[in-house]
Amino acid sequence: MPRLIPREWTIVGVLTTDLAATLALGLPSDWWRALLAVLAFFVHLTTFSALFEQASRRAVSAPLLLANALPYIPALFNLPMPILAFLLALAAAVLLAAAGGRVRTPVGYVAGLALYSSLVMPMRALLGPPAPGEYAVYVAYVAYFTAFALYVESRLAFRSLDPTAPLLLWLPSAAYVVALNPLAVAALAEPTYLLVDNYLRHKKVSTVNEIKRMGKRILASSFLFTALLVVAYKAGATLI
């Protein structure tokens with residue numbers, strides 16, 4: 001029987017930061033809108049294990065997919081078409097990875113994490129239309145989690161992913177966000193250092209304890225990164 005709460009710390013962490021960023025950017029709002037965001041969070045949290053197990057067997061049930069999509073119906077009117085197309089493309093990539101039996105490969109893990117981190121956008125849209133400047137926050141946010149999914153894959157001894165990959169994804173995104181909001185450099189500095197250091201040193205991890213320690217460090221860093229990114233936006237620097 002699938003677990004109600006995922007054992008994967010990564011998904012719990014990403015969904016938690018999704019909700020925290022949503023509330024930090026979207027409040028004050030009507031209470032029922034905030035409740036919809038919390039509902040979406042709990043739906044994702046409690047269905048992830050079942051979805052992951054089904055996808056690992058190349059079969060994902062329509063009711064579970066529908067349950068994850070339904071909370072966002074009110075958000076459809078608050079998101080621009082390019083964002084909706086981006087989210088649908090990510091969802092299609094994850095479903096294709098599942099159909100091809102690649103959910104437990106680097107492609108599946110990275111696509112899945114990109115999708116779950118991108119949920120911050122429709123989750124935020126449940127509270128009302130996002131301000132134009134918020135989209136720079138989302139660029140940095142999604143790039144961060146996707147780049148660090150690649151970072152983890154590049155450091156695992158049993159993977160052969162080039163450490164250039166996370167850096168190539170991250171640097172253009174970071175440069176774009178800093179150009180729009182120089183205050184964001186405070187949030188972007190540590191992840192940039194870690195990714196550059198990984199490129200230069202590329203130290204592999206192999207034991208379970210090493211992998212767990214690396215995971216815990218990234219989890220703590222993601223909370224700090226998200227908080228600093230939101231503060232930079234709230235500080236009033238001019239974004240888009």
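Author: A quick definition before we start: contact means heavy atoms within 4.5 Å. And keep in mind that this is a predicted model. By that cut-off, Leu229 touches Val137, Ala140, Tyr141, Ala184 and Ala187, leaving out residues up to four places away in sequence.

Reader: What makes Leu229 stand out in the largest nonpolar core?

Author: Its number of partners there. The core has 66 residues, and Leu229 is among the five that touch the most other members, along with Tyr116, Trp170, Leu188 and Phe225. As for where the core comes from, helix 7 gives the largest share, 14 residues.

Reader: OK, helix 7 then. Why is helix 5 called roughly antiparallel to helix 7?

Author: Check the angle. The axes of helix 5 (residues 106-118) and helix 7 (residues 134-155) cross at roughly 160 degrees and come within 9 Å. Anything over 145 degrees counts as roughly antiparallel, so helix 5 gets that label against helix 7. The crossing of these two is right-handed.

Reader: Which residues make that contact between helix 5 and helix 7?

Author: From helix 5 you have Pro106, Tyr109, Val110, Leu113, Ala114, Ser117 and Ser118, and from helix 7 Tyr141, Val142, Phe145, Thr146, Ala149, Leu150 and Glu153. By type, that's ten nonpolar, three polar and one charged.

Reader: How do you know whether Glu153 is buried or exposed?

Author: Compare its accessibility with the cut-off. Glu153, which sits in helix 7, has 5% relative accessibility. Buried means under 20%, so Glu153 counts as buried. Setting aside neighbours within four places in sequence, Glu153 is in contact with Pro106, Tyr109, Val110, Arg159 and Leu161.

Reader: And what makes helix 7 and helix 9 roughly parallel?

Author: The angle again. Helix 7 packs against helix 9 (residues 185-201) at about 25 degrees, with the axes 11 Å apart. Angles under 35 degrees count as roughly parallel, and that is why helix 7 is called roughly parallel to helix 9. Here the crossing is left-handed.

Reader: Which residues of helix 7 and helix 9 touch, and how do they divide by type?

Author: Helix 7 contributes Ala140, Tyr144, Ala147, Phe148, Tyr151, Ser154 and Arg155, while helix 9 brings Leu188, Pro191, Leu194, Leu195 and Asn198. They split into nine nonpolar, two polar and one charged. You've already met two of these names: Leu188 in the core list, and Ala140 as a partner of Leu229.

Technical notes:
Residues numbered from 1 in each chain as written. Predicted model: local features only at pLDDT ≥ 70, side-chain atom pairs only at ≥ 80, totals over all residues. Heavy atoms only, no water. Axes fitted to C-alpha atoms, helices over the stretch in contact; angles between N-to-C directions. Helix = DSSP H or I, 4+ residues; strand = E, 2+ residues; numbered from the N terminus. Parallel < 35°, antiparallel > 145°, perpendicular 65-115°, else oblique. Left-handed = near helix turned anticlockwise from the far one by under 90°. Nonpolar A, V, L, I, M, F, W, Y, C, P; charged D, E, K, R; others polar. Core = buried A, V, L, I, M, F, W, Y, C linked by side-chain atoms within 4.5 Å. Buried < 20%, exposed > 50% of the residue type's maximum accessible area, 1.4 Å probe, protein only.
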